[in-house]
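I opened this notebook to record what I looked up in one protein model.

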Amino acid sequence: MFSAADHEFMAHALRLAERGLYTTTPNPRVGCVIVKDGMVVGEGWHVRAGEAHAEPLALSAAGEAARGATAYVSLEPCSHQGRTPPCAEALVAAGVTRVVAAMRDPNPLVAGQGLAMLQAAGISTECGLLESEARALNLGFVSRMTRGRPWVRLKLAASLDGKTALANGASQWITSAAARLDGHSWRARACAILTGSGTVRDDDPQLNVREVDTPRQPLKVVVDSQLELPSTARLLHGGKVLVATASDNLDKVQALRLLGAEVAVLPDARGKVDLAALMANLAQRGVNELHVEGGAGLNGALLAAGLVDELVIYLAPCLLGSQARGMFDLPALESLQERHVLVIGDLRQIGADWRVVARVEASGAGA
């Protein structure tokens, strides 16, 4: 049974972990607090891949005070040698007597072995304190480790009648500056940003983070089945770009590579980009969270393929009419039982607009 103090210290560890929201990819966001006699004697959080993990940083801050202390860590300590030594070994060497973890590490290289290593050394271990909060912080990492694909978050800006652009493609700007600023914070936490060639044609986006201070830019990914991306597209000039295509036109592939882009040829049976294969490809590249800003065609294809996990929708207080473009290009449903069911997790006003954050629960799950 966890005490009120246990909850307080783990909540502190989670707040520390959140400081790595924009920087840790492809690693998880982890915080650690060392407590002795009811007082915090050391704390740390993982900042970026290749640098020290949260536990060694907290232990270093605690020094000799770590002996006989309790370590609260938001993710099971690692047990394997990567770019840094195993954190479980560091905790054993420091002489802590109790370790409380929010959740087990879904990485197959760890998967309970870190806690087992601590137990073998005689350290008391407990797991599961504020687990749902810890999972929410690392849902992309958990997705990549357990499903072999990123957590896919689809962002839309729409009118109150659900339209994302006029019939002629004009969409800048439906929502307010405040909503666009908030949207960049979601971009910043993602490992990659995905769009389609149609959006590039209509909007020529830079597809980068500009409104939020961030030390890194996400990978830019474009779904372009026939390699129609113009060489003048702004997203091709600045930052890493991956173009996913179904075309094996060597001249077009080479032209993109000369511009510095990577090209992945991933055709499906219909001559389109195999979106499931693209998700697997991105997971292999260490992409935990994928942020999608596409048109109705790409949005609909991802949703129909069961590849969308979460929606972030900004609704502006305006109406664009029935001829304007919608959010999703989906086939007609025969019954309400086929509808895509959402679970709204957050609803709040952002500037003049409303932001809805919802999880995709299921298709065909209507009552």
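**Entry 1: Ground rules**

I note that this is a predicted model, in which local features need pLDDT of at least 70, side-chain atom pairs count only at pLDDT 80 or more, and totals for chains, interfaces and linings use all residues. I number residues from 1 along each chain as its sequence is written, and side-chain values use heavy atoms, with hydrogens and water left out.

**Entry 2: The whole protein**

I looked up the secondary structure and found 11 helices and 16 strands. Helices (H or I, at least four residues) and strands (E, at least two) are DSSP runs, numbered from the N terminus.

I then asked what radius of gyration the protein has. Along the principal axes, the C-alpha atoms fill a box of roughly 70 × 45 × 40 Å.

I recorded that 51% of the 367 residues count as buried. Buried means under 20% relative accessible area, exposed means over 50%, and partly exposed lies in between (1.4 Å probe, protein chains only). The protein exposes about 16600 Å², of which carbon and sulfur atoms supply 53%. These areas come from the Shrake-Rupley method with a 1.4 Å probe, and for residues only the protein chains shown count as cover.

I also looked at contacts, meaning heavy atoms within 4.5 Å. Among contacts between residues at least 6 apart in sequence, 70% join residues at least 24 apart.

I followed strand S6 (residues 151–159) to its partners; two strands pair if DSSP finds at least two bridges between them. S6 runs parallel to S13, with seven bridges joining the two. Arg153 has Glu310 of S13 as its bridge partner. S6 also runs parallel to S12, through four bridges, and Val152 stands opposite Leu290 there.

S12 (residues 289–292) is joined to strand S8 (residues 192–196) as well, by three bridges in a parallel arrangement.

I asked how many residues of S13 are buried. In S13 (residues 310–316), six of seven are, and the strand is mostly covered. S12 is covered on both faces: Glu289 and His291 are buried on one side, and Leu290 and Val292 on the other.

**Entry 3: Helix H11**

I checked helix H11 (residues 296–304) and found Leu298, Asn299, Gly300, Leu302 and Leu303 buried. Gly306 follows H11 and has a positive phi, near 70 degrees.

**Entry 4: The S1–S2 hairpin**

I found six bridges between S1 and strand S2 (residues 39–45), which run antiparallel. Val33 stands opposite Glu43 in S2. The two strands form a hairpin with two residues between them, and Asp37 in the turn has a positive phi of about 55 degrees.

Most residues other than glycine have a negative phi, and most peptide bonds are trans. I therefore listed exceptions with that rule in mind.

The peptide bond from Thr25 to Pro26 is cis, with omega near 5 degrees. Pro26 is in the loop between helix H1 (4–18) and strand S1 (31–36).

Leu130 has a positive phi of about 55 degrees although it is not a glycine; Leu130 lies between strand S5 (124–127) and helix H5 (131–137), in the loop. Ala111 has a positive phi near 40 degrees and is found in the loop between strand S4 (98–101) and helix H4 (113–120).

**Entry 5: Two loop residues**

Is Gly112 buried or exposed? Gly112, in the loop between S4 and H4, counts as buried because its relative accessibility is 14%. In contrast, Ala111 counts as partly exposed, at 47%. Gly112 touches Glu76 and Arg104, leaving aside residues up to four places away in sequence.

Gln206 is in the loop between helix H8 (197–203) and strand S9 (219–223). Its relative accessible area of 28% makes Gln206 partly exposed. Beyond four places in sequence, Gln206 touches Lys220, Arg234 and Leu235. Its C-alpha atom is separated by 8.3 Å from that of Leu236, 30 residues apart along the chain.

Technical notes
The radius of gyration is taken over C-alpha atoms; the globule rule is 2.2 Å times the number of residues to the power 0.38.
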